[in-house]
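I set out to record what I looked up in this structure, entry by entry. I begin with the overall build of one chain and then turn to contacts.

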Amino acid sequence: MRIGVDIGGTFTDLVMQDPATGQLRNGKVLTTPDDPSRGVLEGIGIILRENGVDPAAVDHVIHGTTLVANALIERKGVRTALITTAGFRDVLQIGREWRYDTYDLFISAVEPLVPRALRLEVTERIAHDGAVVVALDEASVQQAARDLAGQDIGAVAVCLLHAFRNPVHERRIKEILQAALPDCTISISSEVMPEIGEYERASTTVANAYVQPIFHRYIRRLSAGIRDMGIDRDLFLMQSDGGTVHQSTAAAFPIRLVQSGPAGGVQATALIGRLTGEPNILCFDMGGTTAKAALIEGQVPSRSTDFEVARIYRFKKGSGLPLKVPVIDMIEIGAGGGSIARVNRMGLIQVGPDSSSAVPGPACYGQGGTDATVTDADLVLGYLDADAFLGGAMKLDRAAAERAIEERIARPLGLSVVEAAWGIHQTVNESMAQAAGIHVLEKGLRSSDFAMAPIGGAGPVHACAVAGKMGMRRVICPAGAGVASAFGFLAAPMSFEFVRGGVAEIDALDLGALRASMEELEREARALLRGSGLDEAAFSVSHGCSMRYVGQGYQVDVAVPPALLGDGDRASLLAAFEAGYRALYGRTEAGMPAEVVSWRVVVTGPYPDLAPMRAAAGEGSDGAAARKGARLVFDGEAGDFVEAGVYDRYGLRVGDRLSGPAIVEERESTLVVPSGATLSVDDYGNLVVILPEARH
Amino acid sequence: MPSRLGPIQLGILWQRLTGLMDEVAQTFVRTSFSVVVRENWDLTCSFLDAEGRQFAQSSRSIPSFIGTMPRTLRAVLKRYPRETLEPGDVLISNDSWLGTGHLNDISMFQPVFRNGQLIGYLGGTFHTVDIGGAPRPDARDSYEEGLTIPVAKIKRRGEENEDVIAFIAANVREPEETLGDIRAQFAAYDIATERLLKLLDEEGIEDLTEVAEEILDRSERSMREMISAIPDGTFSDEVTADGFDHPLSIRCTIRKQGSELEVDYTGTADQIDRPVNSPLNFTFSYSVYALKCALDPTAPNNDGSLRPIRILAPEGCLLNPRRPAPVWGRHLSGHYLPFVIYRTLSQIIPGKIAAESGSPLWNVYFKGTDRRRRKFVRMFFMNGGHGARPTMDGPACLSFPSNVANTPIEEFENTTPLLVREKALIPDSGGAGKYRGGQGQRISFESVSDDPLTFVIRHERVKFPPGGLLGGSAGSCGVDRLNGAIIPSKTVQVMKRGDVVTFDTPGGGGMYPASERDPTALARDIDDGLVTPAAAASAYGAQPTDN
């Protein structure tokens, strides 16, 4: 048995899979914020009991957690110190010096995780090429350790200039600190993320240090808990890049778990792509406060090493803590079911980026909220059923929704309530389509080559409309969208990325050294997965370089097999870069020298075999058996309400086909199928919607 | 007049147009060569309607470029009137008086046609590091400052105009970079044109006139409402710039009547024959930018919101110089404008403004040969402290009124034969106040080059510090040093191996009297080492403590 557990803000989701039959069981318990491991253990206990499974039969527990992100957002990490090169302790505070909003005179600076008094300097200096300019003065390290002793420090981060080129000083400092401060965990930048960029590297290293002791305690508790329960297995954890790792690796680099939940969701939709043979998927994850989009190209989620956590201003880039960690490349905007609609100073509808919190929430929650939200609009437009929200567990108040929209939007703009609701719905869809569209463009790709896979509570409600605006034709709504992250943990392979940085122009590059470094990384990576009990024959290894033209600030990641470097062939390396560059920008820059900025090796275990989960075939009906009734839903093309059949997702069978307008309801969400679209149920129980051409 | 476009369709169209300009900017940035464009987003992409009115631009635009774009287009169309334009044409100019006020900013426009009708213009302005010439802090006229590209068709019907291209290539030091950026604009315009036409098809509208008018009218109404909320009257104040041989006074009178507002710089010093003069376009854009931040920060920035605002500067003064005044460092006076405006507005709307920041923006150009024996020119930006706000401290080292990011030290050292010795906040540099100004920074560069390196600086706030407001103290002055000795702040110097040049950027001014500062905030500053105990006693009147 394999169990995936995802801790969310409200619920802890569980998915259990029997590899022999492919059968899946879901579970949900309330999250226990004071000690999240309690909810996890309780949930595992329940799902085992309910299904009569012996704890000893559990082979894998794969876990994702918001613990790391929350500790950073809520600033609840340990008291952390930073040790850095003499003269540079303020780099962490100065940041990049630009304002994340052009017109707001009242923006706040991002507060560093380490106060100035705990940022200490040591005498040393390494040059851009790794040469030691000033040798490490160990006495200055001893002095720093003495200064920190007795200051109630839980962790120390070390980030020296150019340490990504030459880690010798950082390593020695780590040894000295480990001896002098035995109760502290030590994070050094050359291990956490050895890439160029002193501010971002320091920020990442500090964040790793800041959460590490908390993470260690949590994993110890959880690990002991599952053993007490009779599951004699180590834990595996989901990283932000969609790969899982053994608990000991996770504990060394907890910062890599900062986006583990959303990464699970993306892996769930990537699995849909693999099962359905759809190579390119746009994962569209719309929840209560934000919407996220990620691209899965050729069945592999796109990766990035640029991430920002704990944004303090309208989800704007630049207003958070930058982290250079392997992540699934995802954009996030303030557009969710709870996003608040208002009339702005231009007399136009604006939705978000702020959202009504869970309490009182959207007006229709009937908890005293008066904000007109996206969910209120969706209810008024007939997309949601007041009696079927969360499987009927929560009754929605339609009159309250209408009142809020009337007061906040309709009256000020001289519109009817329905027109205003349609305006809210369209505005938020446009925002999402645009943000996702720019994301696709940045990668040099075309939206129309992708199928959308919506997850999250509000994803299926808005998916077809957003896909239409983006010129996409196919929407694949996976089964169990409400527990997608936990399910994604089961669908993800074990993997780990190793990176090294060092800037060198191709014509001056020591190809042999680069190859040797890559091979060394590969050896480390293989050892790591072997240590997790994986069969080496099943590993796949990918090697890549981040490259750019000299002087350019953006890098292009290109696959570079070591064999390419083997015969000292610079032209092949250049050609690989140019091919990658051309794919992104449609051209190359003749005569410009190119350089390698960093190189990485990702070693990946096999994808878990989830194929037997094929659902039982039905007769290929029109879904009549699943039809619960009909209701009026607003149709934008018609500009009026039209009658739509309402279907129970759990009653639909493989092979069923029906046409829009239609509504398919499941416990955690509702799929809105527009007029002119057709829906079919595929072999795996996914709902596949084909949109009519030329909808916007 | 009732609009055919309802508020919903208008809102969606507006969102889509802004999104489209973001796509153009993104496409351009990712394909551009100059570091300033890429790392600092020193660019703007706009859409202007058939009448040349700007109504949509990329979200992350340089404010000074937003203000100048429609004025530049107007000037360009004087040379090439609308009826002389054809699909695929691209117009270019960097004339300081027509463009953004100095030659390094290149502006380009491409007319957009639909069914044979011109429906608007795509416009872009970007900064290029080198534009030829020998710009020096002591240049006497604009001819020394580099190549002026007069208004020209750099593309005709989709074909590059080889003469113009060759002319530019022959006059700049890094033609690959400059031409690479120009061509990156071409590509971005082509994509934008295609997307724009598709958008019109999808929305089923003929052209953008009605959208533009609605957006402009609504922006105007919003600004008028905000202006109306201010008491009527005439208010004056001034700031003093370091200048060259003598200080330069910048005087501002704001006349506010009903829903209109006029900023008049009469009384400002005359233009001088040094490159600190700010052509009227630049004066205009920094003035309206400052007003917008204070009065109506959330509405879009376009021609409509500028209608109720007039900016006056007498011809021949520092803020409206006659040709051929040198203007290379026009920000050295232009960046003062938000501060003199806020100082004046502090008399009537103290809750909406900020104290003075440690700008005009500080930078340094290094020139020499790099480790691979190639010539290089690299610019390095270093921001001063931000002024205090009426409810909060000013952040340290934050770019205002420009918005320019720094270059990472590790990237800088990779491309230049220099070693950065220090980059640190300067204690006590933030002006004292109930709310403190942000700290400036100290940054030191050591030459590790066997060849002599030249550096060029032109720094302000060395004599007159960023002022505080309403009882707050001034921030610290900036200082330039070579091997420890103070050097002139506008100078060209040569460094040999081992020489160290050090820059202290100015700190921001404080707001309200220091005696009103929350003791815990002061204690935290002392704990952080950002206020020394001595300054706590002298500037804040704090009692020294034993520990």
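**Entry 1: chain B as a whole**

How many helices and how many strands are there in chain B? I counted 13 helices and 20 strands in chain B; the model I worked from is a predicted one. I then looked up the radius of gyration of chain B, which is 24 Å, close to the 24 Å that the globule rule gives for 547 residues, so chain B is as compact as a globular protein of that length. I noted that the C-alpha trace of chain B spans about 80 × 60 × 40 Å along its principal axes. Of the 547 residues in chain B, 57% are buried. I also checked the contacts in chain B between residues at least 6 apart in sequence, and 73% of them join residues at least 24 apart.

**Entry 2: domains of chain B**

I looked up the domain assignment of chain B, which gives domain 1 (7-207), domain 2 (227-353) and domain 3 (354-547). The C-alpha centres of domain 1 and domain 3 of chain B are 34 Å apart. To the contact between them, domain 1 of chain B gives 11 residues and domain 3 of chain B gives 11 residues. I sorted the domain 1 side of this contact in chain B by class and found 5 nonpolar, 1 polar and 5 charged residues.

**Entry 3: chain B against chain A**

I next examined where the chains touch: 63 residues of chain B are in contact with 57 residues of chain A. The elements giving two or more residues to the chain B side include α2 (35-40), α5 (175-203), α6 (209-228) and β14 (418-425) of chain B. Which element supplies the largest share of the side of chain B that touches chain A? I found that α1(B) does, with 14 residues. By class, I recorded 28 nonpolar, 16 polar and 19 charged residues on the side of chain B that touches chain A.

**Entry 4: domains of chain A**

I turned to chain A, which is divided into domain 1 (2-72 + 220-257), domain 2 (75-215), domain 3 (339-426) and domain 4 (495-604). Between domain 1 and domain 2 of chain A, the C-alpha centres lie 32 Å apart. Their contact takes 8 residues from domain 1 of chain A and 10 residues from domain 2 of chain A. Helix α2 (residues 67-73) of chain A gives the largest share of the domain 1 side, 4 residues. I noted that this domain 1 side in chain A has 8 nonpolar, no polar and no charged residues.

**Entry 5: a helix pair in chain A**

I looked up how helix α4 (residues 138-148) and helix α5 (residues 168-180) of chain A pack. Their axes come within 10 Å and cross at roughly 35 degrees, and α4(A) passes α5(A) in a right-handed crossing. On the α4(A) side I listed E138(A), V141(A), Q142(A) and A145(A), which meet I173(A), I176(A), L177(A) and A180(A) in α5(A). This contact has 6 nonpolar, 1 polar and 1 charged residues.

**Entry 6: S190(A)**

Is S190(A) buried or exposed? I found S190(A) in helix α6 (residues 189-192) of chain A. S190(A) has 25 other C-beta atoms within 10 Å, so S190(A) is buried. Leaving out residues up to four places away in sequence, S190(A) touches A163(A), F164(A), P167(A) and E170(A). I noted that S190(A) and E170(A) are 20 residues apart in sequence and 7.2 Å apart in space, C-alpha to C-alpha.

Conventions:
Residues numbered from 1 in each chain as written. Chains lettered and ligands numbered in written order. Predicted model: local features only at pLDDT ≥ 70, side-chain atom pairs only at ≥ 80, totals over all residues. Axes fitted to C-alpha atoms, helices over the stretch in contact; angles between N-to-C directions. Left-handed = near helix turned anticlockwise from the far one by under 90°. Contact = placed C-beta atoms within 7 Å. Nonpolar A, V, L, I, M, F, W, Y, C, P; charged D, E, K, R; others polar. Domains from an automatic or database assignment. Rg over C-alpha atoms; globule rule 2.2 N^0.38 Å. Buried ≥ 20, exposed ≤ 12 C-beta atoms within 10 Å, placed from the backbone.
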